[in-house]
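Subject: Structure handover

Hi,

Here is the structure for you to look over. My notes on the sheet, the helices and the pockets follow below.

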Amino acid sequence: MRVGLTGGIGSGKSTVSARLAEHGAVVIDYDLLAREAVEPGTPALEQIAERFGAAVIAADGSLDRPALGSVVFTDDTARRDLEAITHPAIRELGLRREDEASDAGVVVHDHPLLAEMGMARQCDVVVVVDVPLEVQVERLVEQRRMSASDARARIAAQASREDRLAVADVVLDNAGSPEALEIAVDALWDDLAAR
């Protein structure tokens, strides 16, 4: 079974993903794939350097993520250009990982951009981890040391909460306690395992 798992930045999606893995799901982590897609020597990194210049490439030849982030999170055109480079490469890596996990009962595509990349329709079940905007901002400020304005810019660069909820088959509300989320994930697993 192919499960799409998504949620906005700071929603707790990674916590849900880790719990599903504890239950036995094979998790394909798209944050890791996004890093792999732009490793030194990859076509995507070369295209990024061509589009955004040497200022986004670190001295060791790797992607300077903060430098690139300062450009793409304040310029919609630049962000769309970056997505046109990276999304196909990430999608291809995800398909390869899924082929490698073909014997697994439940394969979870842990993907922050599931809605944006149009991948929800390729999943048997789409799970959205949901929190109110102010909870996201608070978590990003407290846990990731972002300024409130940077947190809001990152949130605005992703699909809206409404867009994510529109593709959801299951919504996990993570505005409560960690224990409440764990109980909800365990119930989700029981439902997935019964299908």
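Predicted model: local features only at pLDDT ≥ 70, side-chain atom pairs only at ≥ 80, totals over all residues.

Numbering runs from 1 along each chain as its sequence is written, and side-chain values use heavy atoms, with hydrogens and water left out.

The sheet

Strands β1 (residues 2–7) and β4 (residues 125–130) run parallel and share five bridges. Two strands count as paired if DSSP finds at least two bridges between them. Helices (H or I, at least four residues) and strands (E, at least two) are DSSP runs, numbered from the N terminus.

The whole sheet is open and has five strands, in the order β2-β3-β1-β4-β5, with parallel pairing. At its edges sit β2 (26–29) and β5 (170–173), each pairing on one side only. From one strand to the next, the twist averages 20°.

Helix α1 (residues 13–23) packs on this sheet. It touches β1, β2, β3 (107–110), β4 and β5. Contact here means heavy atoms within 4.5 Å. The direction of α1 makes about 150° with that of β1. Helix α9 (residues 178–194) lies across β1, β4 and β5, at about 160° to β5. Axes are lines fitted to C-alpha atoms, for helices over the stretch in contact; angles run from 0 to 180 degrees between N-to-C directions.

The pockets

How is a pocket defined? On a 1 Å grid over the protein atoms alone, it is an open set of points where a 1.4 Å probe fits, with protein on both sides within 12 Å along at least five of seven lines; lining residues have an atom within 4 Å of a point.

The largest pocket has a volume of about 1,400 Å³. Volume is the space filled by probe spheres set on the points, which are joined across faces, edges and corners. The lining has 47 residues; Ile9, Asp31, Pro112, Arg154 and Gln158 lie nearest the centre. Helix α5 gives the most, with six residues.

The second largest pocket holds about 170 Å³. Among its lining residues are Arg65, Phe73, Met146, Asp150 and Arg154. Both α4 and α7 give two or more residues to this lining. Helix α4 gives the most, with four.

Best wishes
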